[in-house]
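Colleague: I have a chain open on my screen and would like to talk through how it is put together. Could you walk me through it, with the cut-offs spelled out as we go?

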Amino acid sequence: MPKLPGINHLNAVRAFEKVGFVVVRQGKHVIMQRGERRLVIPRGNPINAFTMGGIVADAGMTIEEFKRLL
């Protein structure tokens, strides 16, 4: 798996918004949704690479696709 550095949660939210996810709710985590897919993004800065990789996979994307959106 390609390396994914720690990412600020605001940058991750902006990247997912570019592919159609919308913020549904915010609290300690940001909940985003597109159709039936739901993402939970922690408000940590930075989000560690392992956690971010799982979120990207849940979104149905590859690491390379996500990096291009940043």
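Modeller: Let me begin with a definition: contact means heavy atoms within 4.5 Å. Helices (H or I, at least four residues) and strands (E, at least two) are DSSP runs, numbered from the N terminus. As to provenance, this is a predicted model, in which local features need pLDDT of at least 70 and side-chain atom pairs count only at pLDDT 80 or more, while totals for chains, interfaces and linings use all residues. Residues are numbered from 1 along each chain as its sequence is written, and side-chain values use heavy atoms, with hydrogens and water left out.

Colleague: Good. What do the buried residues of H1 pack against?

Modeller: They pack against the strands E1, E2 and E3 and against the helices H2 and H3. The residues concerned are His9, Ala12, Val13, Ala15 and Phe16, where buried means under 20% relative accessible area, exposed over 50% and partly exposed in between, with a 1.4 Å probe and protein chains only.

Colleague: And why do those five count as being on the same side of H1?

Modeller: Because they cover an arc of only 165° around the axis, the arc being that of the directions from the helix axis to the C-beta atoms.

Colleague: What happens at the two ends of that helix?

Modeller: At the start of H1, a side-chain oxygen of Asn8 reaches to within 2.8 Å of the backbone nitrogen of Leu10. This is a polar contact, that is, a pair of N or O atoms within 3.5 Å; within protein, one must be able to donate a hydrogen and the other to accept it, and residues adjacent in sequence count only if both atoms are side-chain atoms. Just after H1, Gly20 takes a positive phi of about 105°.

Colleague: Now H2: which of its residues are buried, and which are exposed?

Modeller: In H2 (residues 49-58) the buried residues are Met52, Gly53, Ile55 and Val56. They cover an arc of only 160° around the axis, which puts them on the same side of H2, whereas Phe50 and Ala57 are exposed on the other side. The buried residues of H2 pack against H1 (9-18), E3 (37-42) and H3 (63-69).

Colleague: What about the start of H2, and what follows that helix?

Modeller: At the start, a side-chain oxygen of Asn48 reaches to within 3.2 Å of the backbone nitrogen of Phe50, and H2 is followed by Gly60, whose phi is positive, near 80°.

Colleague: Last topic: how many aromatic pairs are there?

Modeller: Rings of Phe, Tyr and Trp (its six-membered ring) pair if their centres lie within 6.5 Å, with planes under 30 degrees apart counted as stacked, over 60 as edge-to-face and the rest as tilted. By this rule there are two aromatic pairs. The rings of Phe16 and Phe21 have their centres 5.8 Å apart and their planes at 75°, so that pair is edge-to-face. The rings of Phe16 and Phe66 have their centres 5.1 Å apart and their planes at 35°, so that pair is tilted. Phe16 lies in helix H1 and Phe66 in helix H3, so the latter pair ties together parts that are 50 residues apart in sequence. Phe16, Phe21 and Phe66 form one aromatic cluster.
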